[in-house]
Amino acid sequence: MFRNISLALVGLLMVSGAARADVAERKDLQVSHDINSAITHYTHFTIFDDVQGIVENGVVTLTGKMTMPYKVDAIAKRVAEIDGVREVHNNIAVLPVSGYDDQLRLRVARAIYGNPNFRYYGMGANPSIHIIVEYGRVTLKGVVNGDVDRRLAGLIAGRFPAMSVKNELKTTAEVRDAGESD
């Protein structure tokens, strides 16, 4: 009888341990969702900024690039105030000040968002295509509906005198599949 109770107790502890792991994982997923919301709802977050937050057991690592130092500090502060965040590692880089980079950002943005195929991407508070320019090098980040849009955005950005163009746009299918595999 004592052995049966012991086995039942061990089984219960194993199930509760697994349940706690699921709760912790769900908690990180919720925190990750809240971080994404805090970043995208930050009023000074523009199409020229790119930030990602990775959460592991309540510890957040922020990466990306932003155009102004005050934005980096504000994002880190907003993330630190999210329920469930225990610690923030702020690895966001500030893009260098450059008149050439500023002009290139604007020209690429106008060309992409002025193209009829991309007008609907520009609607809303946080357009889905972000244009990061550093030392004359253009990187496209964000999410588009399909491979045709990804390739077209890269071609449009490549029309300008940039040192290089790196197309890191993802399709909605790729994002969805990555979310399912995590």
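**Pockets and strand pairing in a predicted model**

Good morning. Of all the elements, α1 gives the most to the lining of the largest pocket, with nine residues. What I show is a predicted model, in which local features need pLDDT of at least 70 and side-chain atom pairs count only at pLDDT 80 or more, while totals for chains, interfaces and linings use all residues. Residues are numbered from 1 along each chain as its sequence is written, and side-chain values use heavy atoms, with hydrogens and water left out.

First, the terms. A pocket is an open set of points on a 1 Å grid over the protein atoms alone, where a 1.4 Å probe fits, with protein on both sides within 12 Å along at least five of seven lines; its lining residues have an atom within 4 Å of a point. A volume is the space filled by probe spheres set on the points, which are joined across faces, edges and corners. Helices (H or I, at least four residues) and strands (E, at least two) are DSSP runs, numbered from the N terminus.

The protein has five helices and seven strands, in the order α-β-β-α-β-α-β-β-α-β-β-α from the N terminus.

I return to the largest pocket. It holds about 1,200 Å³ of space. Its lining has 31 residues, and N36, V51, Q52, G53 and V175 lie nearest the centre. At least two lining residues come from each of α1 (2–40), β1 (50–56), β5 (137–144) and α5 (172–181). By class, this lining has 11 nonpolar, 11 polar and nine charged residues. Here Ala, Val, Leu, Ile, Met, Phe, Trp, Tyr, Cys and Pro count as nonpolar, Asp, Glu, Lys and Arg as charged, and the others, Gly among them, as polar.

What is the volume of the second largest pocket? The value is about 210 Å³. Fourteen residues line this pocket, with K65, I132, E134, T139 and E168 nearest its centre. β5 supplies the largest share of the lining, four residues. The classes here are three nonpolar, four polar and seven charged.

β1 and β2 run antiparallel and are joined by seven bridges; two strands pair if DSSP finds at least two bridges between them. Their hairpin has two residues between the strands, and N57 takes a positive phi near 55° there.

Finally, 34% of the 182 residues count as buried, meaning under 20% relative accessible area with a 1.4 Å probe, protein chains only. Thank you.

Note on methods: Buried means under 20% relative accessible area, exposed over 50%, partly exposed in between (1.4 Å probe, protein chains only).
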